[in-house]
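Hi,

Here is the structure I promised to pass on to you. Have a look at it first, and then read on for what turned up.

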Amino acid sequence: MDVKNKIIDAISQAIKQAIDAGIFKNTGELPEINLEVPPKKEFGDYATNFAMQSAKIFHTNPRKIAEEIKSRISADWLEKIEIAGAGFMNFYLKPDVIYNELKNIYTGLENFGQLPNKNNATIQIEYVSANPTGLLHVGHGRGAAAGSAIVNILRAAGYNVESEYYINDAGNQMENLAKSVNARYLQHFGKDVEFPEDGYHGADIFDTTNRIIERDGDKYLALPENERLKILEDLAYADKLAELKKDLAAFKVGFDVWFSERTLHPDKINDAIKVLRERGEIYEKDGALWLASMKYGDDKDRVVIRENGVPTYLAADIAYHKNKFERGFGTLINLWGADHHGYIARVKAAMTALGFNADNLKILLLQMVSLYRGGELVKMSKRTGESITLRELMEEVGTDAARYFFLMRSIDSQLDFDLDLAKKKSADNPVYYIQYAHARICSIFRQVEENNLQLIDAPKFNMLVTASEIDLINKIFEYPNEIEKAAAEFAPQRIARYVYDLAAQFHSFYRDCRILGVDKDLAQARLALIKITAHTIRHALNLLGVSAPTSM
RNA sequence: GCGUUCGUGGCUCAGUUGGAUAGAGCAACGGCCUUCUAAGCCGUGGGUCGCGCGUUCGAGUCGCGCCGAACGCACCA
């Protein structure tokens, strides 16, 4: 048990005693005991606001409650407890506690940052899911970075997670892809054909077409239009999907499952409609089939089967989410671009209509990305193909900077991505600032042997007493809790910020505390401390999908 | 018009589920390299947390109403 839980345990015992002794008259549910690291060092190592939280149910003033709890806690590892402000309880630990905890971390360092398995029902998270009709752009990049980081963080927090990519490989857009490639194909061989109105104008369509031509030449030229379209659709689809996977892999993003929309057509869709119909949620109007989604909170009812008998995109999505629910996950998470928010109500309504608990479907919205270069907004347009692709972004600023910049802001905030800043190799750039801390530590390790110094199993941690040492130690202690919170809030930016703060703490330590040339016991204790620091930085960067170079 | 998200120093953003004197970075200014990487460190100035009302011991955080921004509001995906 770590210190934090020991304190919580002691508080909760004290409360129990006070209740048993009739001091506290409990007239409600006890609030959770919240232990936090206080904003100021004078407020101790840990603090709780429990006395204030519980004032209402105990009908007692907070300071009095705090006194009663304090008088019932005696632990040899506690230096003192102080009551401050309106009723804060500040806990001051004996120094030994800190050194013991540090020793525990050091002994099990390889696992530091991996929290015990929560034995939860698997959480499924679906993200990116871009249509396989073009290249990924920066918006997808943000989704890819956020989704993969959330997966990593959830796993570190001990959740079982499965990631999935939903491939929209059915419907109109695939036909448009085929028509677009078909037109480029024919144009390449000198045919005077018009480019389709709804076609994809991007330069990547030429690339796809050229790859097909390189391999197969003009062998589809003489085929009847319909046959050629069919073949080109398959070829273009395969090519686009391969490109997607290539870019995602380069961006350190992988999926456990690639789910094809085609596998839903037509049986699973028909089945979903049938179930809805049996449950009385479907009606016919104007020749189409409608889902009565309005009664479950949607703005209006939605068509699921068109007048011409073709299912809408929503119908496929209903079948898809039904399938996800039936696979037995505990929680389903969808990471969507904010431009899809209008879609939430209808999907949730459909799930409710099917009899599932729609609360188990959590939809996270990712706000838009704006790119800035030279202080000016870089305009994006999918139609004209002038968008900046993820691939171009990676080439321009590098994978590490791109990922970190995508992750440093809350997903709820629109992101201004400064391309010039991301490219800078200086302190202005947070990515380099963090990586530099790691590289500095590695550099020290490269030199210790020459100085007749080595890492030992049981260093004298109690030699670490200066402020910058203690601050660094405390920052390290916060890490597991930070992972827990980042996981609970699906908030990668917490880890991004944490590792930045940790790096800052290390840089201060580096200034104040030398390792080479000081007393051997002290040097070994410091060496162990920076080994822990390096591990923690590397672990956190790894959660974000950012590399931790050993030299820069 | 309706909905979602956002509004915090000049700029970009955090803010630990309502707590202690609101924090970083950039920009500005001033210091620190003959010793482990100056891609670093230390310091100074800069805020009516969009506006108003409410909830309570306590509000940047919760509720309501305005104002502003982005994105949505299909038998497209």
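Let's begin with a cysteine: Cys442 is buried, as its relative accessible area is 15%, and the cut-off for that word is under 20%. Before going further, keep in mind that this is a predicted model.

Cys442 is part of no disulfide, and the nearest cysteine sulfur to it, in Cys513, is 19 Å away.

Next, go to helix 1, which runs over residues 3-20. Its 18 residues reach 26 Å from the first C-alpha to the last, close to the 26 Å expected at 1.5 Å a residue. Which of its residues are buried? They are Val3, Lys4, Ile7, Ala10, Ile11, Ala14, Ile15 and Ala18. If you look down the axis of helix 1, those buried residues fall within an arc of 135°, so they line one face of the helix. Here is the background to that: an α-helix has 3.6 residues a turn, so residues three or four places apart point the same way. Just after helix 1 comes Gly22, with a positive phi of about 80°.

Now for the charged side chains. Side chains of opposite charge can pair when their charged atoms come close. Searching the whole structure gives 31 salt bridges. Here are a few to find on your screen.

One of them joins Arg155 to Asp256, with 3.0 Å between the closest N and O atoms. Arg155 sits in helix 6 (residues 138-156), while Asp256 is in the loop between helix 9 (225-250) and strand 7 (257-260), so this pair ties together parts 101 residues apart in sequence. Both ends are partly exposed: Arg155 has a relative accessible area of 33%, and Asp256 has 44%.

Another salt bridge is between Glu233 and Arg262, at 3.4 Å from N to O. Here Glu233 belongs to helix 9 and Arg262 to the loop between strand 7 and helix 10 (267-278), so to speak distant parts of the chain, 29 residues apart. Arg262 is partly exposed, at 30% relative accessibility.

Then there is Glu243 with Arg391, which meet at 2.6 Å, N to O. This pair links helix 9, where Glu243 is, to helix 13, where Arg391 is, and the two are 148 residues apart. Are the two ends buried or partly exposed? Glu243 is buried, with a relative accessible area of 7%, whereas Arg391 is partly exposed at 22%. Which residues join them in a network? Salt bridges with shared partners connect Arg211, Asp239, Glu243, Lys246, Asp247 and Arg391 into one network.

Last stop: Gly398. You'll find Gly398 in the loop between helix 13 (390-397) and helix 14 (399-407). Gly398 is partly exposed, with a relative accessibility of 22%. For a sense of distance, pick Ile57 as well: Gly398 and Ile57 are 341 residues apart along the chain, and 55 Å separates their C-alpha atoms.

How values were computed:
Residues numbered from 1 in each chain as written. Chains lettered and ligands numbered in written order. Predicted model: local features only at pLDDT ≥ 70, side-chain atom pairs only at ≥ 80, totals over all residues. Heavy atoms only, no water. Helix = DSSP H or I, 4+ residues; strand = E, 2+ residues; numbered from the N terminus. Buried < 20%, exposed > 50% of the residue type's maximum accessible area, 1.4 Å probe, protein only. Disulfide = S-S within 2.5 Å. Expected span 1.5 Å × (residues − 1). Arc of directions from axis to C-beta. Salt bridge = Lys/Arg side-chain N within 4 Å of Asp/Glu carboxyl O.
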